Amino acid sequence: MTDHKPECPIGGCEPPATIGGTRREFLGAATAAMATALTGCGTLSKEEFLQHNFRELSKQEVLDVIARLEKEYQAKYGREVKVANTPAIPGVIFGYALDLSRCIGCRRCVHACVKENNQSRDPEIQWIRVLQMDKEEGVNVQHADAYYNPEEVPQEGHFYMPVQCQQCKKPPCTKVCPVGATWRDKDGIVVVDYNWCIGCRYCMAACPYGARHFNWGEPHLPADEVNPKTHYLGNRPRPKGVVEKCTFCIQRTRNGQYPACVEICPTGSRKFGNLLDKDSEIRYILENKRVFKFKEDLNTQPNFFYFYGV
């Protein structure tokens with residue numbers, strides 16, 4: 001189901017060799033020298049510096065980074081926060097489908113996402129936008145209203161189209177990142193290493209779906225609202241000055257659970273599953289319903305599909 005060339009997992013496969021040794025050996029030596037120089041000036045610790053190259057670290061170094069982050073979060077929020085590093089499941093490519101004929105625009109998915117993924121509350125960062133559209137116009141983004149606020153939904157004469165990261169097979173956002181802080185993982189989830197992101201926002205400019213969001217200020221996340229079950233590449237608390245996005249709730253889906261937005265949807269509009277499983281619900285939808293991809297003409301090849309169930 002994919003023509004994707006797998007990326008290296010965290011602390012995983014070896015980068016290509018270079019003259020005089022592997023790239024890892026070269027980077028390791030260069031990093032150690034720079035870290036020594038920086039720590040000598042008291043700028044940042046060697047561990048903090050090394051984390052900026054998370055994918056190049058050994059398994060033990062990754063564990064050390066995670067332990068340090070958990071300690072920092074505990075000190076900041078006064079409660080235990082676990083940071084998982086669960087890898088992609090072999091034989092799984094995650095896909096998502098949304099039934100436009102059932103969505104009522106209630107935005108419960110938006111708020112469940114915020115709660116699950118530890119987004120900033122003030123200002124609140126939302127990874128899902130729900131567009132209200134006129135039935136006579138059809139799917140016309142130029143005439144869509146993302147700020148509708150009626151007393152009741154759905155409004156007569158309208159339908160609703162939630163938009164979030166489309167987890168593209170050919171994601172333009174990853175191609176423009178100058179430091180390789182974002183990539184498509186083996187299960188199709190486009191992830192971000194928030195400690196590697198330099199906040200240049202090239203990825204935001206490249207994304208045709210407006211699915212990436214920048215932390216202009218220090219994220220405000222009250223301690224009593226922190227979801228303590230996190231993933232390094234998912235919902236762990238983010239710092240100021242980085243770009244964040246939907247990851248299909250990587251902390252849940254790699255453990256066999258549905259994304260929070262799927263669970264909360266009161267109409268069953270949202271479907272999720274393994275595209276490689278021929279017996280899965282999502283494969284049935286793709287093979288039997290009227291399905292379309294948002295902005296298909298751009299050839300980003302999303303793994304997020306829209307369909308009409310009735």
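Biologist: What are the ground rules?

Modeller: This is a predicted model, so local features need pLDDT of at least 70 and side-chain atom pairs count only at pLDDT 80 or more, while totals for chains, interfaces and linings use all residues. Residues are numbered from 1 along each chain as its sequence is written, and side-chain values use heavy atoms, with hydrogens and water left out.

Biologist: What is the mean pLDDT of the protein?

Modeller: The mean is 87, and 82% of the residues reach 70 or more. pLDDT is the predictor's confidence in each residue, from 0 to 100.

Biologist: Where is the pLDDT below 50?

Modeller: Residues 1-32 are below 50, and that stretch has 53 contacts in the model beyond near neighbours in sequence. A contact means heavy atoms within 4.5 Å. Residues 34-42 also stay under 50, with nine contacts beyond four places in sequence.

Biologist: On to rings. How many aromatic pairs?

Modeller: The structure holds 12. Rings of Phe, Tyr and Trp (its six-membered ring) pair if their centres lie within 6.5 Å; planes under 30 degrees apart are stacked, over 60 edge-to-face, the rest tilted. Take Tyr96 and Phe248: their centres are 5.5 Å apart and their planes at 35°, so the pair is tilted.

Biologist: Which parts does that pair tie together?

Modeller: Tyr96 lies in strand S4 (residues 94-99), and Phe248 in the loop between strand S11 (243-244) and helix H7 (250-253), so the pair ties together parts 152 residues apart in sequence. Helices (H or I, at least four residues) and strands (E, at least two) are DSSP runs, numbered from the N terminus.

Biologist: Is Phe248 buried or exposed?

Modeller: Phe248 is buried, at 2% relative accessible area. Tyr96 is buried too, at 0%. Buried means under 20%, exposed over 50%, partly exposed in between (1.4 Å probe, protein chains only).

Biologist: Which residues do ring pairs link into a cluster?

Modeller: Among them are Tyr96, Phe248, Phe272, Phe304 and Tyr306.

Biologist: What lies over the face of Tyr232?

Modeller: Arg236, at 4.1 Å from the ring centre. The rule is NZ of Lys or CZ of Arg within 6 Å of the ring centre and within 35 degrees of the ring normal.
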